[in-house]
Amino acid sequence: MHELKAEEFAINFELMKRSRFYHIFNPNGSKIFNYNAYRLLLIILLVLVNGIVVYSSLGFFVKMEDTLSYIDSSVIIFVMINIFLCNWRFSVFLYNVKIIYDVFNVSRFDFFKSKHCCKNINVLCGHRDKTIKITNYFFVFSSTVMSQWVLFPLVLIAFTTPEDENIRQQNIMNLRYPVSTHTYNQYYYIFYLMEVIVAIFTMYSMIIPDILLMSWCWAIIAQQEILTQTFKYFGHEDNSQTVHYEDFKSILVDQIQLNLKIKSFYSVVRPVVLTYVAILSTCFIIVTYVLIVVCLSKESHSVLNIIKLGSSALYMCLDLFLYCYLFDSMNIKLQSVNTSIYSCNWTKMDIKFKKLLFLTMQMNNANNLMIKASPKKIVNQQLFANIISMSYNIVSVMLKTTNPKLQTINKLDNTII
């Protein structure tokens, strides 16, 4: 894949190149001491970010002048969980660099070699346009949501004056640095810059990998759609059984190659996706709970905080939905490929062809390619609905337990009933 162009891929390859995410996996890229330069830069950034996070965590183990509010504590927990997720995701990616680089091939326009599959290449063109449009919208929305965390502290400092010098000024994530309040406020912009580094790393490692994984899902769905159409209309064009047999084998070779790429894709993303869904569900519960508490609190809170928390909850909900929707669509398309094989003109073929068709369907039934959260739970839209329902129930219980106002309202409702 040397000197590759965006037009050769059915994903937003231009965004992958501009963000230098593709270059992390490219073995032919720039090197320093015979090591991938962008990979080395990423490792240095990981060390720097984790150093800042570890330093900020020391504040929980020493006596501080001020105390953390319940809301700030929840936000710090939310931030720490996301930083752990970013570290876990990049650790998996760096460990499987060769596999990820190889999976890029599944989105190529020339991935299928058989002439019958090449006739339906227009399916890939339509999916490419849709993928680029959706991923660009997702990039803009995600960047806007996460940029709010970076910019809002500066807005607060510019338009408000601190009421008490013994209270720390609001920062991006309000990490708990082991310094006095006076020192923190005096050197506020240094600590702000440290949190900017952590925030930019988090933005990069959350948004770009999401876009790549989603793009691959759309590319695989498009390739499966090509196979579906190829099998469905196979044998309805002419009556030469010999040509049919050889052509059918060439299509099977394409299908086998696609299944191998899907297996490689799943081998890398399975631990990432399952961890991501579990952690993002937890973060969604935390942010939703904090948002409702802030809205119901009698204390004065900045409207900017409400916007920041509300947009973050919306972003996580959208991210969860897209993951569940895409993997569900991949599962459905995989089943439709097997169904379409039966739709070909097999009744007019000879015994040799029918035996091959039967073996193909058996092979497809044996390839149960899907990501499962448990033996009975599959990553699909039903799982998303279960997560949202569970989150609502957990947040309701947490609010009734910790918020006296809600407890009073609940008692009055029971009395009236």
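Predicted model: local features only at pLDDT ≥ 70, side-chain atom pairs only at ≥ 80, totals over all residues.

Student: Which residues of α3 and α9 meet?
Tutor: After the geometry, look at the side chains. From α3 come L45, L46, L48, V49, I52, V53 and Y55, and they meet F191, M194, I197, V198 and F201 of α9. Sorted by class, this contact has twelve nonpolar residues, with no polar and no charged ones.

Student: And how do α4 and α9 cross?
Tutor: The reading goes the same way. The axes of α4 (residues 70–95) and α9 (residues 188–232) come within 10 Å and cross at roughly 50°. These helices are therefore oblique to each other too, and α4 passes α9 in a left-handed crossing. On the α4 side the contact is made by N82, I83, L85, C86, R89, F90 and F93; on the α9 side, by V198, F201, T202, Y204, S205, M206, P209, D210 and L213. By class, that gives eleven nonpolar, three polar and two charged residues.

Student: F201 turned up in the contact with α4 and in the one with α3. Is F201 buried or exposed?
Tutor: For burial, the cut-off is a relative accessible area under 20%. F201, which is found in helix α9, has 1% relative accessibility and so counts as buried. Leaving aside neighbours within four places in sequence, F201 is in contact with L45, L46, V49, C86 and F90. It also shows how sequence and space can part ways: F201 and L42 are 159 residues apart in sequence, but 9.4 Å apart from C-alpha to C-alpha.

Student: How many disulfides does the structure hold?
Tutor: Here you check the distances between cysteine sulfurs, with 2.5 Å as the limit. The structure holds zero disulfides. Take C283: the nearest cysteine sulfur, that of C86, is 9.9 Å away. C283 counts as buried because its relative accessibility is 0%, and C217 is likewise buried, at 2%.

Student: Last topic, the backbone. Where does N34 sit, and what is its phi?
Tutor: Look out for positive phi in residues that are not glycine. N34 has one, about 65°, and lies in the loop between β1 (31–32) and β2 (35–36). At 68% relative accessibility, N34 counts as exposed.

Student: What about N174: buried or exposed?
Tutor: N174 also has a positive phi, about 55°, without being a glycine. Its place is in the loop between α7 (122–159) and α8 (181–186). With a relative accessible area of 16%, N174 is buried, whereas N34 is exposed.

Notes
Residues numbered from 1 in each chain as written. Heavy atoms only, no water. Axes fitted to C-alpha atoms, helices over the stretch in contact; angles between N-to-C directions. Helix = DSSP H or I, 4+ residues; strand = E, 2+ residues; numbered from the N terminus. Parallel < 35°, antiparallel > 145°, perpendicular 65-115°, else oblique. Left-handed = near helix turned anticlockwise from the far one by under 90°. Contact = heavy atoms within 4.5 Å. Nonpolar A, V, L, I, M, F, W, Y, C, P; charged D, E, K, R; others polar. Buried < 20%, exposed > 50% of the residue type's maximum accessible area, 1.4 Å probe, protein only.
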